[in-house]
Structure formats: structure tokens, C-alpha cells
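The report below goes through the packing piece by piece.

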Amino acid sequence: MSKESNNETNNEASNTKFMQHPIPSGFGPDTTAEQVIQGHNLSGKIAIVTGGYSGLGLETTRVLAAAGATVIVPVRTPEKARLALAGIPGVQLEALDLLDPASVDAFAQRFLDSGRPLDILIHSAGIMASPLARDSRGYEAQFATNHLGHFQLAARLWPALVKSGGARVVSVSSRGHRIAGIDFADVNFERRAYEKWTAYGQSKTANVLFALELDKRGQEHGVRAFSLHPGSILTDLARHLSEDELRGMGALDEAGNPIPAERTGHMKTVQQGAATSVWCAVSPQLEGKGGVYCEDADIAPVAESGDSHQPGVQDWAIDPGNALRLWELSEAMTGVTFPA
């Protein structure tokens with residue numbers, strides 16, 4: 001690397017850390033998505049919410065639609081989605097499987113063919129701590145679902161995002177990104193032993209780095225990107241966890257019954273969990289502040305420790321060099337590049 005390139009990277013890293021401070025926004029861990037959206041009129045706006053028919057994604061869809069947005073929900077299980085979204089006006093269902101590149105392309109092309117701009121793209125779908133599985137390309141499933149599928153989706157929808165003139169892309173990560181960075185030498189666990197939490201942490205770090213690099217590339221086109229930790233919420237995302245694991249997280253009592261979020265002292269309701277996604281998608285407080293990682297409907301600080309239970313974003317997840325390296329790896333793995 002040349003001296004000039006090294007200086008540029010160091011300057012980018014310094015600027016990223018400078019931005020990574022609470023505003024403060026006036027919101028907090030108990031804020032709900034409805035409180036965040038209050039006063040916003042999204043009539044005429046179009047949003048796509050992956051995972052928008054379950055858990056946090058469902059609440060995000062409901063709140064955006066209630067504010068007047070047309071919300072397109074990509075679905076892999078149409079019947080389940082129709083039941084979940086029944087009674088919510090302004091919602092459209094479209095087929096999409098994030099693990100199937102052809103399905104991603106087909107979904108995006110249908111949207112582009114409609115000629116509509118895309119104002120909000122929220123990457124909310126994901127899997128967590130699942131047993132080892134691979135897609136048809138041989139890619140590890142958590143990385144492929146949580147990151148690569150969304151990377152390809154954003155790339156294919158890029159013309160519609162640019163057409164908006166002020167689009168936002170919101171990448172739902174997790175404090176779990178602090179479990180692990182990206183193992184660029186073995187991202188698919190082909191040479192190291194598979195460990196489900198390490199794989200999850202790697203995919204969540206990828207979500208943060210993706211938003212950082214996308215924002216850098218999108219600024220001149222009016223496209224800004226954000227990543228976030230929604231909080232600890234008991235949803236279907238935890239379907240691969242055992243009762244012992246859920247008890248250890250403080251989500252179940254000794255009898256195996258869910259503990260109400262307000263009684264745990266550290267978990268959120270679904271309404272609270274969706275708040276940061278919605279805040280990143282609509283808040284005017286984030287004008288000019290793209291690429292940041294957020295928590296509790298505010299910009300998060302840089303982490304002060306390696307403890308994944310503590311707030312903040314880890315250094316490795318906001319490193320511009322890592323972000324560029326992941327971007328180039330993602331292009332190579334998907335065969336997809338963003339238009340110039």
C-alpha cells in the first residue's frame with residue numbers, strides 16, 4: 001500500500017470513530033417504534049423490509065405502513081406471511097429466498113420493472129446460531145443469509161435506490177458482532193471447526209462493515225446506510241437455541257416459560273426492538289451521519305471492552321480497511337458488482 005493510500009485509510013478510520021458517538025437523540029432502550037415514527041408522514045414512500053412478516057421485521061413493517069408507506073415484504077413462506085400481515089394496509093408480498101441468487105435477482109428485477117424508486121431498504125431477515133448448513137454454492141448459511149443475500153439484493157436494487165434521491169439502507173446487525181470479526185482466510189469454515197456463535201458473530205460483523213462501505217459509495221448518489229443492534233428480544237430468531245441456552249440468556253424461567261421483557265431488566269419487547277430500525281430509516285437526526293452503527297435509537301459509542309454484553313461497536317466492525325476487503329470478497333463470492 002502506498003503512503004498516500006495508507007494515510008487515506010487512517011483518515012477514514014479517524015473520521016468513522018469521530019462519528020461514532022451518541023447524539024444524543026432523546027430516545028433510549030425503552031423507546032418503541034411507534035414513538036420513533038410519531039409525526040412522520042411516509043405517504044408516497046416505498047420501503048422493502050426483508051423478514052418483514054416475523055418478529056422485529058413484522059413490527060417494522062406495521063409501523064412504516066401505519067405512517068403511510070407502501071411496504072414490500074419479500075417472503076419465502078407465503079401462507080405464513082399472509083396470516084402475519086393480514087389487516088395491515090399498504091403491504092405487498094413478493095417471493096424471495098436470500099439463499100438463492102436467482103431468486104434475489106428475480107425479485108429485484110420485478111421491482112425495477114415497476115419503475116418505482118426505493119426510499120427505504122431494511123435488511124431485517126436473518127438466522128442465528130444455526131447448525132452447520134451450506135447453500136448451493138457451498139457457502140456457510142449464516143454468512144450467506146445474513147450478509148451475502150442482502151449484499152446482492154442491495155446491488156440489484158441500486159438503480160431504484162439512486163432514483164429515490166434520498167434513500168436509506170438499514171442493516172440489522174447485533175451486539176453479537178462482538179463475538180467475532182471476519183476470518184477472511186476461511187469465511188466458510190472449510191478449514192476451521194464450525195462454531196455456531198462464531199459464525200453468527202462473523203455474519204453480524206459483516207452487516208456493520210457492509211453499511212460502512214455502502215454509505216461511502218452511496219453518498220454522492222444520495223444513498224445513506226446504517227447498521228444497528230436492535231436489543232435482546234425473544235423472537236423466532238432464537239429457534240435454534242436450546243432451553244438451557246435461553247435460560248442462560250435470562251429469557252426463560254426454570255420451568256421453561258418466557259420471562260416478560262420488562263421483568264428481565266435487559267431484554268426488550270418487539271415494539272422496543274424495532275425502534276432503532278425505524279429510527280435509522282426515517283430520523284432527520286441522522287442527516288449527514290451515514291455509515292454509523294446504532295443502538296437504542298441513537299448512535300452507539302465505540303466499545304470500551306471486549307465483553308459482547310456491553311454496549312458499543314467493536315473497532316474491527318468500523319474499520320474502513322476491513323469494510324473494503326469484505327466488499328471485494330462479497331463481489332467475488334456473489335459475482336455481483338454495484339453499478340458505478
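Helix α6 and helix α8 (residues 196–218) pack at an angle of about 20 degrees, and their axes are 7 Å apart. That makes α6 roughly parallel to α8. This is a predicted model: local features need pLDDT of at least 70, side-chain atom pairs count only at pLDDT 80 or more, and totals for chains, interfaces and linings use all residues. Residues are numbered from 1 along each chain as its sequence is written, and side-chain values use heavy atoms, with hydrogens and water left out.

A few terms come first. Helices (H or I, at least four residues) and strands (E, at least two) are DSSP runs, numbered from the N terminus. Axes are lines fitted to C-alpha atoms, for helices over the stretch in contact, and angles run from 0 to 180 degrees between N-to-C directions. Angles under 35 degrees count as roughly parallel, over 145 as roughly antiparallel, 65 to 115 as roughly perpendicular and the rest as oblique.

**Helix α6 and its partners**

α6 passes α8 in a left-handed crossing. A crossing is left-handed if the near helix is turned anticlockwise from the far one by less than a right angle, and right-handed if clockwise. Contact means heavy atoms within 4.5 Å. On the α6 side, Q142, F143, N146, H147, F151 and A154 take part. They meet K196, A199, Y200, Q202, S203, K204, A206, N207 and F210 in α8. The residues of this contact divide into seven nonpolar, six polar and two charged. Here Ala, Val, Leu, Ile, Met, Phe, Trp, Tyr, Cys and Pro count as nonpolar, Asp, Glu, Lys and Arg as charged, and the others, Gly among them, as polar.

Next comes helix α5 (residues 101–113). Its axis and that of α6 (residues 141–156) come within 9 Å and cross at roughly 30 degrees. That makes α5 roughly parallel to α6. The crossing of α5 and α6 is right-handed. P101, V104, D105, F107, A108 and L112 in α5 meet G149, Q152, L153 and R156 in α6. By class, this contact has six nonpolar, two polar and two charged residues.

How are α6 and α13 placed relative to each other, parallel or perpendicular? Helix α13 (residues 320–334) packs with α6 at an angle of about 85 degrees, with the axes 10 Å apart. The two helices are therefore roughly perpendicular to each other. α6 gives F143, H147, L148, F151 and Q152 to the contact, and α13 gives L326, W327, S330, E331, M333 and T334. By class, there are six nonpolar, four polar and one charged residues.

| Helix pair | Angle | Axis distance |
|---|---|---|
| α6 and α8 | about 20 degrees | 7 Å |
| α5 and α6 | roughly 30 degrees | within 9 Å |
| α6 and α13 | about 85 degrees | 10 Å |

H147 lies in helix α6. Is H147 buried or exposed? H147 is buried, with a relative accessible area of 2%. Buried means under 20% relative accessible area, exposed over 50%, and partly exposed in between (1.4 Å probe, protein chains only). Leaving out residues up to four places away in sequence, H147 touches Q142, A206, N207, F210, L326 and S330.

**The sheet**

The open sheet has eight strands in the order β3-β2-β1-β4-β5-β6-β7-β8, with mixed pairing. Its edge strands are β3 (91–95) and β8 (298–299), and each pairs on one side only. Two strands pair if DSSP finds at least two bridges between them.

Strand β1 (residues 46–50) and strand β4 (residues 120–123) pair in the parallel sense over four bridges. A47 stands opposite I120 in β4. α6 packs on the sheet and touches β1 and β4. The direction of α6 makes about 170 degrees with that of β4.

I48 stands opposite L121 in β4. β4 and β5 also pair in the parallel sense, over four bridges. There, I122 stands opposite V170 in β5. Both faces of β4 are covered: I120 and I122 on one side and L121 and H123 on the other are all buried.

**Helix α12 and the whole protein**

α12 lies across β4, β5 (168–172), β6 (224–229), β7 (293–295) and β8. It runs at about 160 degrees to β5. Helix α12 (residues 275–282) is mostly covered, with eight of its eight residues buried. Among them are W279 and C280.

In total, the protein has 13 helices and eight strands. Buried residues make up 51% of its 340 residues. Of the contacts with a separation of 6 or more, 72% join residues 24 or more positions apart.
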